[in-house]
Amino acid sequence: MNTTPDKKQFAPATQRNREAILEVLLQVLPANGTILEVASGTGEHAVFFAPSFKPRQWLPSDPNPILRDSITAWAEEFPSQNISHPLDIDVELPIWPVEKEALPESSIFAIVNINMIHISPWSACLGLMAGAGRILPSGGILYLYGPYKQNGEHTAPSNEAFDESLQLQNPEWGVRNLEDVIKAANAQNLILHKTYQMPANNLSVVFRHH
């Protein structure tokens with residue numbers, strides 16, 4: 001990531017994937033309720049997506065204070081009335097702040113999580129699933145985006161090389177097996193709704209809370 005003097009961070013992949021992701025989000029996110037983005041990163045996705053979902057509120061979050069500052073800076077440069085102030089959410093905590101102070105949890109109908117579970121420990125994926133299971137109402141949507149292995153195998157040489165580079169940075173990181181992610185979701189009453197093939201050998205994976 002790159003930084004500017006006004007605290008905005010840049011993630012180059014955002015420019016490449018945001019339109020393809022938005023196309024899927026417009027198809028799968030509920031017509032009502034707040035959209036909670038978990039691990040919003042730089043905030044570039046939030047400011048790009050939010051205007052397309054008015055009057056629904058887009059609620060970004062990130063546990064990293066530098067990235068929360070970046071989200072705020074991006075939202076100041078590209079203001080949209082439906083972007084909320086970013087929350088500090090650590091997915092591994094047993095109760096997220098949004099459950100007790102920011103919004104009535106019943107108002108969150110969708111959770112969006114982009115490029116997180118492969119650059120965090122497996123416990124973060126489990127925490128994400130547990131939080132989604134607690135917060136989402138029946139019929140609520142959990143949307144994931146990123147690279148996945150399928151049946152234990154990489155889907156492209158580029159993903160295999162990426163996986164190796166991630167594990168060199170942190171042995172707890174790595175491209176996850178889609179079947180393991182689905183199993184973790186099912187344990188929280190999140191049922192696979194649909195997968196979408198995305199550019200650069202990524203997937204959009206959509207779960208519905210049962």
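Q: Which helix does Phe48 lie in?
A: Phe48 lies in helix H2, residues 44–49. Helices here are DSSP runs of H or I with at least four residues, strands are runs of E with at least two, and both are numbered from the N terminus.

Q: What kind of model is this, and how are residues numbered?
A: This is a predicted model, where local features need pLDDT of at least 70 and side-chain atom pairs count only at pLDDT 80 or more, while totals for chains, interfaces and linings use all residues. Residues are numbered from 1 along each chain as its sequence is written, and side-chain values use heavy atoms, with hydrogens and water left out.

Q: What is Phe48 in contact with, neighbours within four places aside?
A: Arg18, Glu19 and Leu22. Contact means heavy atoms within 4.5 Å. Phe48 and Glu19 are 29 residues apart in sequence, with C-alpha atoms 8.8 Å apart.

Q: And Leu25, where does that lie?
A: In helix H1, residues 12–28. Leu25 is buried, with 0% relative accessible area.

Q: What does Leu25 contact, again leaving out neighbours within four places?
A: Phe49, Phe53, Trp58, Val112 and Tyr143.

Q: New topic. How do H4 and H6 pack?
A: H4 (residues 122–135) and H6 (residues 178–186) pack at about 40°, with axes 9 Å apart. That makes H4 oblique to H6. Under 35 degrees counts as roughly parallel, over 145 as roughly antiparallel, 65 to 115 as roughly perpendicular, and the rest as oblique. Axes are lines fitted to C-alpha atoms, for helices over the stretch in contact, and angles run from 0 to 180 degrees between N-to-C directions.

Q: Which residues of H4 and H6 meet?
A: Trp122, Cys125, Leu126 and Met129 in H4 meet Asp180, Val181, Ala184 and Ala185 in H6. The residues of this contact divide into seven nonpolar, no polar and one charged. Nonpolar covers Ala, Val, Leu, Ile, Met, Phe, Trp, Tyr, Cys and Pro; charged covers Asp, Glu, Lys and Arg; the others, Gly among them, are polar.

Q: Overall, how many helices and strands?
A: Six helices and 10 strands. Buried residues make up 51% of the 210. The C-alpha trace spans about 45 × 40 × 30 Å along its principal axes.

Key
Buried < 20%, exposed > 50% of the residue type's maximum accessible area, 1.4 Å probe, protein only.
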